[in-house]
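Subject: Structure handover

Hello,

Here is the structure I promised to pass on. Please open it first, then read my notes below.

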Amino acid sequence: RVGARGCEMAVGCRAAALAARPAARRLMGVVFAALASTCVRGVPDTQCGFKLLSRRAARELFPSLQIRGWAYDVQLLALAQARGYRIASVPVAWRDVEGSKVTPLTPLQMAADLVALRLQLAWSAWRR
């Protein structure tokens, strides 16, 4: 239960699984994580697919999301932090499966999404 940890959101952290990825994929992940940390503080793995939100957080945050690309997760976390939600990072057992959606254009799409998010944060687009 999310509320049992004193937070409204739990995010998975795949540290062990990420270390086993091919070098190029690890490099992309490190660069993206560094850029994402300019938008979100204290969440080591913004891209992990495991996210658990309280009902209240989900109802408030999801309708406000605007980015549909790679930075969707970062936007969700940034919005949660901007609205004062507490977020817990939780280790998860993770196994990559075949069929990656990462292409040679992915880093450019990721960067464009993060630039858009950074601009929205600077303009306080989601703050009440």
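A disulfide needs the two sulfur atoms within 2.5 Å. The structure holds zero disulfides. C13 is in none, with C48 as its nearest cysteine by sulfur. C48 is buried, because its relative accessible area is 0%. C13 also counts as buried, because its relative accessibility is 18%. Keep in mind throughout that this is a predicted model.

**Helix α5**

This helix runs over residues 106-122. Its length checks out. At 1.5 Å a residue, its 17 residues should span 24 Å, and the end C-alpha atoms are 24 Å apart, so the two agree.

Which residues of α5 are buried? They are T106, M110, D113, L114, L117, Q120 and L121. Seen down the helix axis, the buried residues of α5 fall within an arc of 120 degrees, so they line one face. An α-helix has 3.6 residues a turn, so residues three or four places apart point the same way.

The buried residues of α5 pack against α2 (23-36) and α4 (72-82). The face turned away from the buried side carries exposed residues: L108, V115 and A122.

**The core**

In soluble globular proteins, nonpolar side chains tend to be buried together. Here, the largest nonpolar core has 24 residues. Which of them have the most contacts inside it? They are M9, V40, L61, V74 and L117. L117 is also among the buried residues of α5.

β1 (9-13), α2, α3 (55-61), α4 and α5 each supply at least two residues. α4 gives the most, with six residues.

V40 deserves a look on screen. Leaving out residues up to four places away in sequence, V40 touches V74, L77, A78 and Q81.

**Salt bridges**

Side chains of opposite charge can pair when their charged atoms come close. The count here comes to four salt bridges. I describe some of them below.

- R56 and E8 meet through their side chains at 3.9 Å, N to O. R56 lies in helix α3 and E8 in the segment before β1, so the pair ties together parts that are 48 residues apart in sequence. R56 counts as exposed, because its relative accessibility is 52%.
- D73 and K51 form a salt bridge at 2.9 Å, N to O. D73 lies in helix α4 and K51 in strand β2 (residues 51-53), so this pair joins parts 22 residues apart in sequence. Both D73 and K51 are buried.
- R83 and E60 form a salt bridge at 3.1 Å, N to O. R83 lies in the loop between α4 and β3 (87-91), and E60 in helix α3, so the pair links parts 23 residues apart in sequence. Is R83 buried or partly exposed? R83 counts as partly exposed, because its relative accessibility is 22%. E60 is buried, with a relative accessible area of 18%.

**In short**

There are zero disulfides. The largest nonpolar core has 24 residues, and α4 gives the most to it. The buried residues of α5 line one face of the helix.

Best wishes

Note on methods: Residues are numbered from 1 along each chain as its sequence is written. This is a predicted model: local features need pLDDT of at least 70, side-chain atom pairs count only at pLDDT 80 or more; totals for chains, interfaces and linings use all residues. Side-chain values use heavy atoms; hydrogens and water are left out. Buried means under 20% relative accessible area, exposed over 50%, partly exposed in between (1.4 Å probe, protein chains only). Helices (H or I, at least four residues) and strands (E, at least two) are DSSP runs, numbered from the N terminus. The expected span of a helix is 1.5 Å times one less than its number of residues. The arc is that of the directions from the helix axis to the C-beta atoms. Contact means heavy atoms within 4.5 Å. A nonpolar core is a set of buried Ala, Val, Leu, Ile, Met, Phe, Trp, Tyr and Cys residues joined through side-chain atoms within 4.5 Å.
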